[in-house]
Amino acid sequence: MKIDKTKSVTMYGMTSFKKVFQTKSVVLCLLTATVFFQIQCSSKKTIVDKEQSLVVKDIFDPSWLEATEGNMPLVISVPHGGLISPAEIPDRTCGTREKDDNTNLLAYQISEAFEKQGKKPFLIVSQIARAKIDLNRDMDEATCENAMMNSTWYQYHKYIEAAISKAVAQYGYALYIDLHGQSHPVKRLELGYTLRKSDLETNSMSTTAIETKSSLQNLLNMTDNQTLKDLLIGENALGTFFASNGYPAVPSLQDPFPKSDEAYFTGGYNTRRYTSLDYPKVFGLQIEANYKVRASEVNRKEFSEAFVTSITDYLGVVETLIK
Ligand SMILES: [Zn+2]
C-alpha cells in the first residue's frame, strides 16, 4: 500500500496542518478548537514566540503524527512503529528505545481491509522513532524530560481524545486498541487487558477487584449479566474470535492465560488511560502482534482480513450486550 503523506495527515477537514500552522496560527487555533473540542492553544503560541524555527517546524511536522477520521466505533493508536529520527532531537536516556517493526504498515493494512467493507477505523499513528519519544508512557518517561518533545506528546493524546470523543458521540461507545509488536517465543497475539498473568488465571478472574482493574471495566458497567471471564475467555471474547479465525491469542477460550514462565505484555499507559473511568464509554486493550503477523505484506494482508472479521464479530456481540 502506498501512503500518500499529504492525504494521510488530512484530518477532520484540515488539508494541511503544517501549512496552516506556519502561516495562520490563529486560524489554526480556531479550527483546531472547533474540531478537537478541548485544545489549548497557549502552549503552541509559547513555542512560536521562542523563535526556534527549526524546533517549531519539527515539532509540528505533520509527518510525525498522523490522525485519520473513522466511521465506526473503533480507535486504533500505533505508538512504536515510527522510523523518523531527527538528529536535532537527542535520543531518550530513559526506558527502552526498541521499535515495533511494521506496526504502522499493519495499521494501514487493517484500515484498508475495513475500507473494503465501507468501514474505516479512527487511526492515530506515530511516525517518529521511539528513541525520540515513547508515546505509550506518561509524559516524563515518554520524553525523558526533554521539554522539546512535550508538544508532540500532548498532540498525540489530543488526537486520540478527539477520535474517542467523536466515536462516542456518534456511536455511544468506542473500542480502543493500542497496537504493538512483540517477538516472544510463543507465536500468538498477546491481548493486554491491564491484567497480570496471575489475574488471568480462571480461578481469580471475576472478582470485583480484578474487574475494576481491567481495561474492560467500562464495558462491564455498560452491560448486564456479563462477567469478566465471559469477556476475556468466553465464546464471544475477542481472543476467541482471533483464534477461531486462524490467529492464536491469549487470553481466549482456546488459550485462557499465559503460563507463569511465558513472556506476556499486560497493556501499558495508553490502554490504562483510555479505558479508565475518565472515559466511561470506552473499553479496549493493547494488542501485541507476533512478528509473523507483521513480517511481510502478504502476512499483514492476511492478518488484516482476519482482524476485520474478528472485530466485526466482536462489535456485533458488544452491541447486543450494551444497555
Ligand atoms: Zn510497543
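Trainee: Which residue in strand 7 is the bridge partner of Tyr-176?

Mentor: In strand 7, the residue bridged to Tyr-176 is Gly-284. Before going on, note that residues are numbered from 1 along each chain as its sequence is written. Note also that this is a predicted model, in which local features need pLDDT of at least 70 and side-chain atom pairs count only at pLDDT 80 or more, while totals for chains, interfaces and linings use all residues.

Trainee: What makes strand 4 and strand 7 a pair?

Mentor: Strands (DSSP runs of E, at least two residues) and helices (runs of H or I, at least four) are numbered from the N terminus. Two strands pair if DSSP finds at least two bridges between them, and strand 4 and strand 7 share nine, so they are called a pair. The sense of this pairing is parallel. Gln-182, for example, stands opposite Asn-290 in strand 7.

Trainee: In which sense do strand 5 and strand 7 pair, parallel or antiparallel?

Mentor: Strand 5 (residues 189-192) pairs with strand 7 in the antiparallel sense, over three bridges. Within this pairing, Glu-190 stands opposite Glu-288.

Trainee: Why are strand 1 and strand 6 called edge strands?

Mentor: The open sheet has seven strands in the order 1-3-2-4-7-5-6, and its pairing is mixed. Strand 1 (65-68) and strand 6 each pair on one side only, which is what the name edge strand refers to. Helix 8 packs on this sheet, where it touches strand 1, strand 2, strand 3, strand 4 and strand 7. Its direction makes about 170° with that of strand 3, on a scale that runs from 0 to 180 degrees between N-to-C directions of lines fitted to C-alpha atoms, for helices over the stretch in contact.

Trainee: Why is Asn-102 called buried?

Mentor: A residue is buried if 20 or more other C-beta atoms, placed from the backbone, lie within 10 Å of its own, exposed if 12 or fewer do, and partly exposed in between. Asn-102 has 20 such atoms within 10 Å, and is therefore buried. Asn-102 is found in the loop between strand 2 and helix 6, and it has a positive phi of about 65° although it is not a glycine.

Trainee: How do you know which class Glu-145 belongs to, buried, partly exposed or exposed?

Mentor: Glu-145 has 13 other C-beta atoms within 10 Å, so it counts as partly exposed. It sits in the loop between helix 7 (139-143) and helix 8, and Glu-145 also has a positive phi of about 65° without being a glycine.

Trainee: What makes strand 7 mostly covered?

Mentor: Nine of its nine residues are buried. Both faces take part, with Val-282, Gly-284, Gln-286, Glu-288 and Asn-290 on one side and Phe-283, Leu-285, Ile-287 and Ala-289 on the other.

Trainee: How does the reach of helix 6 compare with the expected span?

Mentor: The expected span is 1.5 Å times one less than the number of residues. Helix 6 (residues 103-115) has 13 residues and reaches 18 Å from its first C-alpha to its last, close to the expected 18 Å. Helix 6 is also mostly covered, since 10 of its 13 residues are buried. Its buried residues are covered by elements including strand 2 (74-78), strand 3 (122-126) and helix 16 (297-321).

Trainee: Which residues is Ile-76 in contact with, leaving aside its neighbours within four places in sequence?

Mentor: Contact requires that two C-beta atoms, placed from the backbone, lie within 7 Å. Ile-76 is in contact with Ala-107, Ile-110, Pro-121, Leu-123, Ile-177 and Leu-179.

Trainee: Which residues touch the most other members of the largest nonpolar core?

Mentor: A nonpolar core is a set of buried Ala, Val, Leu, Ile, Met, Phe, Trp, Tyr and Cys residues joined through C-beta atoms within 7 Å. Of the 73 residues in the largest one, Val-75, Ile-76, Ala-107, Ala-163 and Ile-164 touch the most other members. Helix 8 (residues 150-171) gives the largest share, seven residues.

Trainee: Why is this core said to lie between domain 1 and domain 2?

Mentor: Domain 1 (5-169) and domain 2 (173-321), whose bounds come from an automatic or database domain assignment, both give residues to the core, so it lies between them.
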